[in-house]
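This report describes selected local features of a predicted model.

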Amino acid sequence: MPTHDDDEHRIEAAQDDVMAKDNGGVASTDGTETTDGAASNGVERQDKLAWYRRVRWWGWILIAIAAVIVAFAGTVGTQALLVKHHEEAAIAVVKDAVKNNRLNDLDSVVADVQKQTRAARDITNGGLWSFTEKIPGIKGSMRVVRMMTDVADEMAQDTAPKFVDVARRIDVKSIYKNGRINVEPIMKTLPELDTAAQSLQRYTEEFDKIPEPGIGVVANALNSSRGMLDKANRYLQAGVYEYAPKLPEWLGYDGKQTYAILAMTPGEMRASGGLVGAVGTVTIDDGKIEIGDFQSSSAFPGYKVTARNLSEDEQRLYKEEGPMRLNYDARDIANSPDNARVAEYFKDIWDQTDMGKHTKLDGVILADPLMVQSLVKVLGDVKLADGTVLTGTNTADFLLNTAYKEYAPEDTDAMFGTVAKACVKRLMGDLSAGKMVGLVSEMLTLAHDRHLSVYSFDPTLQQILWERGLTSTVPLNEAKPELGIYITENNPSKMGWYIKRSTKITQLDCGEEGPAKYHVEYTIRSTMTDEESKTLPQYITGIRAEYPDSHGTSFEKIMFMPPAGGTMSNFQVTGNGADPVADSLNFRLIYTTMTQVQPESTVTYSFDVTVSPDATTKLGIDETPTTSAKPEVTYEKLCRVE
């Protein structure tokens, strides 16, 4: 009796016959094979069987299994893409609300966000997703995605409405009106803010407990989201529990706040900006901001009152060695690249004056004509007494150069104050939300390029200023490397307007391991012509007694400061400049040099820079601000930062 094994043998034998035909032969009825050229008994060549008839039975089983796996993977993949789509859509709703000013309809915005987060959560809590959490190799990552969507939805459903309740209770129009900031509406919402902050803290802690997944793309998404959430929560907790309670003090409800405004001119360069030509004050009293008259730095408080708190390095480098020995009266105090030091210099001078003996100084603001031009740009044109109209495009040119050509030197410093007061007066009016956003954006950009710097002697407020980048300082961040280049003009003049500076950066080490290396070319070019050096006022061209033919020559003392955790090497100089030599400034390695830049001439410093191994961004430049809104920095070649 034939067995099951016999049947299988017959089936396999038949399939072998088919395979033999495929290989060019024809099976005979007795099991022997004949070739195409010698087919016996007139047997003609048989056509090939279709592919699906050549697949063995176990092949069909494998194909069926593969089809199921592909279909399953495709379904799961589609769901993962939908989850990603819904989460991105939730973020887009918030961005769109800010961009299109939908913040007056917060209920609708939150509802749209909740719709997207709930859709993502429904997918990851469905049966198919639950099944994937049991599959070895991917179950951990799938579980992490579900946990992420759970927390995101809980925040949308629970935390977001709490913040909406706070916003609904605040009458925005009542906060800023008639030039006064009313802090009371904000203070009344502190209990609700506390509840909302606790909710965000709770969900942030839940998110931080989510385990690290095995799949890289999921791990990256988790860590990125965790970083953003932790940062937002940190700011909010600080805002609710540290910053908000101090608002009455900062806004002058607990006593008038007084800030000094130091009007700098990059026309005569100092490390932080320029010579301080005028000093003014801005006060905040019960939320009302007022700006006082500006005095020339020679009148406030004169050249005999100087900063007495210079460090040993500062004293040696700029007061003893020269060639021009700075006096460090009010004119010279912007010479430190660290604006915390500038504020300390000025406070020491302030405390020596009659005003300082009766008025506490709460902070120092450094500003140059580029900052004033931005105010004019946002708040409107300013008309001077002689009919000159200053706009958002010509104000800096006028204050940095034109005024020195057309007005007496004693009148030029007062013009900065005139324009600034006109702008602040407009600021005191009912400022629209659009103009306020534009103004804040302008100020942050100006601070980044050292045209504006604010320092507060209140440690909590100063922490905010540090975090927002509103206080300039030397390179300190190894992850975001910057090369410091700071200039002190040693020819009393306004030559800075004619000095153009540019930096070219080339990365050297693409494909190599270790810290990134760059080649830097720093070029200083004088645009003043020989004719201008002979005909322009000496107040602009300057003249040193020891160099009677020095009209129009810029004498620049330059400080190069390596990036934090980095080095500089291989200095070369082209033009009339000295090789930089190593020195120190307040425990930082620096390199100093002197150069003379005559009219229509150029000096170039070339050197190599190696940044910290912890650097995550390209090499940047932090330098004494130019007479342009932004420094001229170009990159010849960059490697991808891993």
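## Packing of α6 and α10

Helices α6 and α10 count as roughly parallel to each other, because the angle at which they pack is about 25 degrees and angles under 35 degrees fall into that class. Helix α6 covers residues 139–169 and helix α10 covers residues 216–243, and their axes are 11 Å apart. The crossing that the two helices form is left-handed.

On the α6 side, the contact is made by Ser 141, Val 144, Val 145, Met 148, Met 155 and Phe 163. These residues meet Val 218, Ala 221, Leu 222, Ser 225, Leu 229 and Leu 236, which form the α10 side of the contact.

Pro 245 is placed in the loop between α10 and α11, and its relative accessibility of 41% makes it partly exposed. When neighbours within four places in sequence are left aside, the residues in contact with Pro 245 are Met 187, Gly 239 and Val 240. Pro 245 and Ile 186, although 59 residues apart in sequence, have C-alpha atoms that are 9.8 Å apart in space.

## Helix α19 and its ends

Helix α19 spans residues 459–467, and within this helix Leu 461, Gln 462 and Leu 465 are buried. These three residues lie on the same side of α19, because the arc they cover around the axis is only 100 degrees. The elements against which the buried residues of α19 pack are α11 (247–250), β5 (257–265) and β12 (452–456).

The N-terminal end of α19 is capped by Asp 458, which places a side-chain oxygen 2.9 Å from the backbone nitrogen of Thr 460. Beyond the helix, α19 is followed by Gly 469, a residue with a positive phi near 75 degrees.

Pro 301 belongs to the loop that runs between β8 (295–296) and α12 (312–320).

Asn 570 is not a glycine, yet its phi is positive, at about 60 degrees. This residue is found within strand β17, which covers residues 567–574, and Asn 570 counts as exposed because its relative accessibility is 54%, where the class begins over 50%.

Glu 600 likewise has a positive phi of about 60 degrees without being a glycine. Glu 600, however, is found in a loop, namely the one between β19 (588–597) and β20 (602–610), and with a relative accessible area of 53% Glu 600 is exposed.

A polar atom of the Ser 601 side chain lies 2.5 Å from the backbone oxygen of Gln 598. Not counting residues up to four places away in sequence, Ser 601 touches Ile 524, Arg 525 and Ser 526.

Methods: Residues are numbered from 1 along each chain as its sequence is written. This is a predicted model: local features need pLDDT of at least 70, side-chain atom pairs count only at pLDDT 80 or more; totals for chains, interfaces and linings use all residues. Side-chain values use heavy atoms; hydrogens and water are left out. Buried means under 20% relative accessible area, exposed over 50%, partly exposed in between (1.4 Å probe, protein chains only). Helices (H or I, at least four residues) and strands (E, at least two) are DSSP runs, numbered from the N terminus. The arc is that of the directions from the helix axis to the C-beta atoms. Contact means heavy atoms within 4.5 Å. A polar contact is a pair of N or O atoms within 3.5 Å; within protein, one must be able to donate a hydrogen and the other to accept it, and residues adjacent in sequence count only if both atoms are side-chain atoms. Axes are lines fitted to C-alpha atoms, for helices over the stretch in contact, and angles run from 0 to 180 degrees between N-to-C directions. Angles under 35 degrees count as roughly parallel, over 145 as roughly antiparallel, 65 to 115 as roughly perpendicular and the rest as oblique. A crossing is left-handed if the near helix is turned anticlockwise from the far one by less than a right angle, and right-handed if clockwise.
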